[in-house]
Each structure stands twice: as C-alpha cells, then as structure tokens.
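Please open the model in your viewer, with the sequence panel beside it, and keep a selection tool at hand. The tour below goes from one selection to the next and says what to look for at each stop.

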Amino acid sequence: QVPLVESGGGLVQPGGSLRLSCAPSGFSFSWLYMSWYRQAPGKERELVASISTTGDITNYSDSVKGRFTISRDGVQNMLYLQMNSLKPEDTAVYFCNAGGTGSDPGQTWGRGTQVTVSS
C-alpha cells in the first residue's frame, strides 16, 4: 500500500495551470512537514516546495517562486500544489513527501504524478 497518493498531473500548454493533490493512505500527516519534489528525465530529484505543520511557513525553489503555491488542508488531510504560468522546464514527475524538513525529504513518498508542459 502506497502511503501517499498524488493526483492532478497531466499535459498542459506553456502558460497553463495545474493543481496537484496529495492524499495519505491510512494515516494523518497533519503533524508532519510536507513537501513536493520533482524529477525530470536524466536529472536528480529536487525540492519544489515545502510547508510546515501549521501552514505558516513555506519554502520554494527559486525556479518556481512566484508561480507555484503549496498549501494544506488540515481538516481534509490533503496537500496541494497550485502551479501557474507553467513552463516546459517544469515537465517532471512530481512526488509528495512527508516527514521531512523545509529543505530535506522525509522517508515517506508517493509514486508520483506526471506533469508535461508542451505545446
């Protein structure tokens, strides 16, 4: 059983938007630091954004700052990544991660969702 399940990926044109969602399977991550990572073909996995347990502290990579917004819903136990003004270089598999810090991943991952930005 995969502990985290991502959804919302797909094919979008440059300049478009997508909203990714992450749901836990069998546990609550309301007390965990949560993050989104991505991995493009031939590249290492990189941090995209992270959010504290209360949602008051967020951190973004320079490449997505101002375009992406990470958020969490403590009641629904969900994590989101709103991605606007998408660029071809945002093409990657996006992974949800639980239990890390603002800069390092935790041990719990999802299987990822593919985001492709292309005209």
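Two strands are said to pair if DSSP finds at least two bridges between them, and strands themselves (E, at least two residues) are, like helices (H or I, at least four), DSSP runs numbered from the N terminus. With that in mind, select Ala-98 and look across to β10, where Thr-108 stands opposite. This is a predicted model, in which local features need pLDDT of at least 70 and side-chain atom pairs count only at pLDDT 80 or more, while totals for chains, interfaces and linings use all residues. Residues are numbered from 1 along each chain as its sequence is written, and side-chain values use heavy atoms, with hydrogens and water left out.

**Stop 1: strand β9 and its partners**

Stay with the strand that holds Cys-96 and select β9, residues 92-98. β9 is mostly covered, since 6 of its 7 residues are buried, where buried means under 20% relative accessible area, exposed means over 50%, and partly exposed lies in between (1.4 Å probe, protein chains only). β4 and β9 form an antiparallel pair over 6 bridges, and in β9 the residue opposite Met-34 is Ala-98.

**Stop 2: the disulfide**

Select Cys-22 and Cys-96 and show their side chains. The structure holds 1 disulfide, a term used for a pair of cysteine sulfur atoms within 2.5 Å. In this link, between Cys-22 and Cys-96, the sulfur atoms are 2.0 Å apart. The pair joins distant parts of the chain, with Cys-22 in strand β3 (residues 18-24) and Cys-96 in strand β9, 74 residues apart. If you read the torsion about the S-S bond, the value is -80°, and the link of Cys-22 and Cys-96 is left-handed. Are these two cysteines buried or exposed? Cys-22 is buried at a relative accessible area of 0%, and Cys-96 is likewise counted as buried at 0%.

**Stop 3: Leu-4 in strand β1**

Next, select Leu-4, which lies in strand β1 and counts as buried at 0% relative accessibility. Between the C-alpha atoms of Leu-4 and Cys-96 the distance is 6.8 Å, although 92 residues separate the two in sequence. Contact means heavy atoms within 4.5 Å, and, not counting residues up to four places away in sequence, Leu-4 touches residues including Cys-22, Cys-96, Phe-27, Phe-29 and Trp-109.

**Stop 4: the open sheet**

Select β1, β3, β8 and β7 together. These 4 strands form an open sheet in the order β1-β3-β8-β7, with antiparallel pairing. The edge strands, each pairing on one side only, are β1 (4-7) and β7. Between β7 and β8 the antiparallel pairing runs over 6 bridges; Ile-70 stands opposite Leu-81 in β8, and Asp-73 has Met-78 in β8 as its bridge partner.

**Stop 5: the nonpolar core**

A nonpolar core is a set of buried Ala, Val, Leu, Ile, Met, Phe, Trp, Tyr and Cys residues joined through side-chain atoms within 4.5 Å. In the largest one, which has 27 residues, select Trp-36, Leu-79, Leu-81, Met-83 and Tyr-94, the members that touch the most others. The largest share of this core, 4 residues, comes from β9. Then centre on Leu-81, whose contacts beyond four places in sequence include Trp-36, Val-48, Ile-70 and Tyr-94.

**Stop 6: Ser-50**

Finally, select Ser-50 in strand β5, residues 46-51. Ser-50 is buried, its relative accessible area being 0%. The side chain of Ser-50 reaches the backbone oxygen of Gly-102 at 3.1 Å, a polar contact being a pair of N or O atoms within 3.5 Å; within protein, one must be able to donate a hydrogen and the other to accept it, and residues adjacent in sequence count only if both atoms are side-chain atoms. Leaving aside neighbours within four places in sequence, Ser-50 is also in contact with residues including Tyr-33, Ile-57, Asn-59 and Ile-70.
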